[in-house]
Amino acid sequence: MAILIFLILHWYLSLFGQTFFLHRYSAHKMFTMNKFWEKFFYTFAWVSQGASYLNARAYAILHRMHHAYSDTEKDPHTPHFFKDAYQMMMHTRKIYNDVLNKRVVIEDKFDRNFPEYPVIDKIADSWYTRIGFGVAYFVFYVIFATHWWMFLFLPIHFLIGPIQGAIVNWAGHKYGYRNFNEGDKSRNTLFWDILLMGELFQNNHHHAGSKPNFAVKWYEFDPTYPIILFLDKIRVIKLVK
Ligand SMILES: [Zn+2]
Ligand SMILES: [Zn+2]
């Protein structure tokens, strides 16, 4: 039971860090927040992703490229040039590392307006920290696992950010229905995106990239949006009108 709770908690906390902070805030600036909350959520995104921490600047740049070049050869992660999600993610990983380490020239319009905390980043991105998180997950399993097969879930914790990204990038541009003809291959995979907290409404999101609610039709539900509304109401963030 403890393992299941840990897995579910880790899944959703990491996912929230990704969709709320990295995607909707860092890449799209759908809302604003003061420096205190920015640092708080930067740290939140780091700790919740843990071993598979993603840097906000690199995430924002890759994601803006994805929107600008959706499903073309310049898209960092379209499923349409790869035979499986693993190949696609290896390609994305290479671009991510090039951007992160400033080995490539990046168009000016992508390379600005994202949160940067070099000190946090240095700690979060070090192998000592990543392995430390990995060891912590392992120790938790050693203490709480009641069957050997539970250890098969451990790789999900090690790679939680990229796994969630791979599902969104692969399924969201391959499986499901379309509300808008966007000229790319984006799709809405689920009506109620409980699994990826709204990220699987790729077609709706590509249609209106700065809209904080990824659901459009009355029967669609984006679970992150009510949280955004709540945080706006209690003035932690301010929605951009
Ligand atoms: Zn997309
Ligand atoms: Zn986006």
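Tutor: Welcome! A helix (H or I) is a DSSP run of at least four residues and a strand (E) one of at least two, both numbered from the N terminus. The model we will discuss is predicted.

Student: In which loop is Met197 placed?

Tutor: Met197 stands out because its phi is positive, about 55°, although the residue is not a glycine. Its place is in the loop between H8 and helix H9 (202–207).

Student: Is Met197 buried or exposed?

Tutor: A residue needs 20 or more other C-beta atoms within 10 Å to count as buried. Met197 has 23 of them, so it is buried.

Student: And Arg235, is that buried or exposed?

Tutor: Arg235 also has a positive phi, near 65°, in a residue other than glycine. It sits in the loop between helix H10 (224–233) and strand S2 (238–239). The limit for exposure is 12 or fewer neighbours. Arg235 has 10 C-beta neighbours inside 10 Å, so it counts as exposed.

Student: Which element gives the largest share of the largest nonpolar core?

Tutor: That core has 21 residues, and Leu22 and Tyr59 have the most contacts inside it. Two or more residues come from each of helix H1 (2–27), helix H2 (35–49), helix H3 (56–68) and helix H4 (85–100). The largest share, six residues, is from H3.

Student: How are H1 and H8 oriented to each other?

Tutor: The axes of H1 and helix H8 (residues 160–171) come within 10 Å and cross at roughly 70°. Angles from 65 to 115 degrees fall in one class. H1 and H8 are therefore roughly perpendicular.

Student: How far apart are the end C-alpha atoms of H2?

Tutor: H2 has 15 residues, and at 1.5 Å a residue it should span 21 Å. The distance between its end C-alpha atoms agrees, being 21 Å.

Student: Which elements do the buried residues of H2 pack against?

Tutor: The buried residues of H2 are Phe41, Tyr42, Ala45, Trp46, Ser48 and Gln49. They pack against H1, H3, helix H5 (118–124) and H8.

Key: Residues numbered from 1 in each chain as written. Chains lettered and ligands numbered in written order. Predicted model: local features only at pLDDT ≥ 70, side-chain atom pairs only at ≥ 80, totals over all residues. Core = buried A, V, L, I, M, F, W, Y, C linked by C-beta atoms within 7 Å. Axes fitted to C-alpha atoms, helices over the stretch in contact; angles between N-to-C directions. Parallel < 35°, antiparallel > 145°, perpendicular 65-115°, else oblique. Expected span 1.5 Å × (residues − 1). Contact = placed C-beta atoms within 7 Å.
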